[in-house]
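Subject: Structure handover and findings

Hello,

Here is the structure I said I would pass on.

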Amino acid sequence: LNRNWPNPFNPSTTFQFSIPQSSHVALEIVNTLGQSVTTLISERLNPGVYSATWNAAGFASGIYYYRFHAGQFMQTKKLNLLR
């Protein structure tokens with residue numbers, strides 16, 4: 001899982017990741033309370049490099065986190081939406 005770019009962003013940012021084997025992949029955005037605000041990806045993907053874009057128009061400025069799950073791998077990183 002690479003860092004999102006740009007970060008800070010307004011109103012959209014892109015995430016890039018790669019997976020070495022077929023697995024169910026989930027990429028979701030959560031707020032500082034840990035509540036899911038949107039799911040960008042939730043599907044089974046084949047090995048490869050992928051990207052997803054989040055258009056945060058309509059969301060409040062602030063700190064958000066993105067959670068990435070692929071098989072047994074899980075990682076969370078921070079992003080900052082500036083208006």
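Predicted model: local features only at pLDDT ≥ 70, side-chain atom pairs only at ≥ 80, totals over all residues.

**The chain as a whole**

The protein chain has 0 helices and 6 strands. Along the sequence this gives the pattern β-β-β-β-β-β.

How does the radius of gyration of the protein chain agree with that of a compact globule? For 83 residues, a compact globule would have a radius of gyration near 12 Å, and the protein chain has 12 Å, so the two agree. Taken along the principal axes, the C-alpha atoms fill a box of roughly 40 × 25 × 15 Å.

Of the 83 residues in the protein chain, 34% are buried. The exposed surface comes to about 4,700 Å², and carbon and sulfur atoms supply 48% of it. Among contacts with a separation of 6 or more, 57% are between residues 24 or more positions apart.

**The nonpolar core**

The largest nonpolar core has 19 residues. Within this core, the residues with the most contacts are Phe-17, Val-25, Trp-54 and Phe-68. Two or more residues each come from β1, β2 (23-30), β3 (36-45), β4 (48-55), β5 (62-70) and β6 (73-81). The strand that gives the most is β5, with 4 residues.

Leaving aside neighbours within four places in sequence, Val-25 is in contact with Phe-17, Ile-19, Ile-41, Ser-42, Glu-43, Leu-45, Phe-68, His-69 and Ala-70.

**The aromatic rings**

A pair of aromatic rings is described by the distance of the centres and the angle of the planes. The structure holds 8 aromatic pairs. In one of them, the rings of Phe-17 and Phe-68 have their centres 4.9 Å apart and their planes at 50°.

Another pair is formed by Trp-54 and Tyr-64. Their rings are 5.5 Å apart centre to centre, with 75° between the planes, and the pair is edge-to-face. Trp-54 lies in strand β4 and Tyr-64 in strand β5, so this pair ties together parts that are 10 residues apart in sequence. Both residues, Trp-54 and Tyr-64, are buried. They also belong to one aromatic cluster, which is formed by Phe-9, Trp-54, Phe-59 and Tyr-64.

Is Thr-14 buried or exposed? Its relative accessible area is 17%, and buried means under 20%, so Thr-14 is buried. Not counting residues up to four places away in sequence, Thr-14 touches Arg-3, Asn-4, Trp-5, Ser-51, Ala-52 and Thr-53. With Thr-53 there is also a polar contact of 3.3 Å between the side chains. Thr-14 and Asn-80 are 66 residues apart in sequence and 13 Å apart in space, C-alpha to C-alpha.

*Glu-28.* This residue is in strand β2 and counts as buried, at 18% relative accessibility. Which side chain does the side chain of Glu-28 join in a polar contact of 2.9 Å? The partner is Ser-36. Beyond four places in sequence, Glu-28 is in contact with Ser-36, Thr-38, Thr-39, Leu-40, Tyr-65, Tyr-66 and Arg-67.

*Val-30.* This residue is also found in strand β2. Val-30 counts as buried, with a relative accessibility of 2%. Among the residues that Val-30 touches are Gln-35, Val-37, Tyr-64 and Arg-67. From Val-30 to Asn-80 there are 50 residues in sequence and 12 Å in space, C-alpha to C-alpha.

Regards

Terms used:
Residues numbered from 1 in each chain as written. Heavy atoms only, no water. Buried < 20%, exposed > 50% of the residue type's maximum accessible area, 1.4 Å probe, protein only. Contact = heavy atoms within 4.5 Å. Polar contact = N/O pair within 3.5 Å; in protein donor to acceptor, adjacent residues only side chain to side chain. Rg over C-alpha atoms; globule rule 2.2 N^0.38 Å. Areas by Shrake-Rupley, 256 points an atom, 1.4 Å probe, with all protein chains shown as cover. Core = buried A, V, L, I, M, F, W, Y, C linked by side-chain atoms within 4.5 Å. Phe/Tyr/Trp six-rings, centres within 6.5 Å; stacked < 30°, edge-to-face > 60°.
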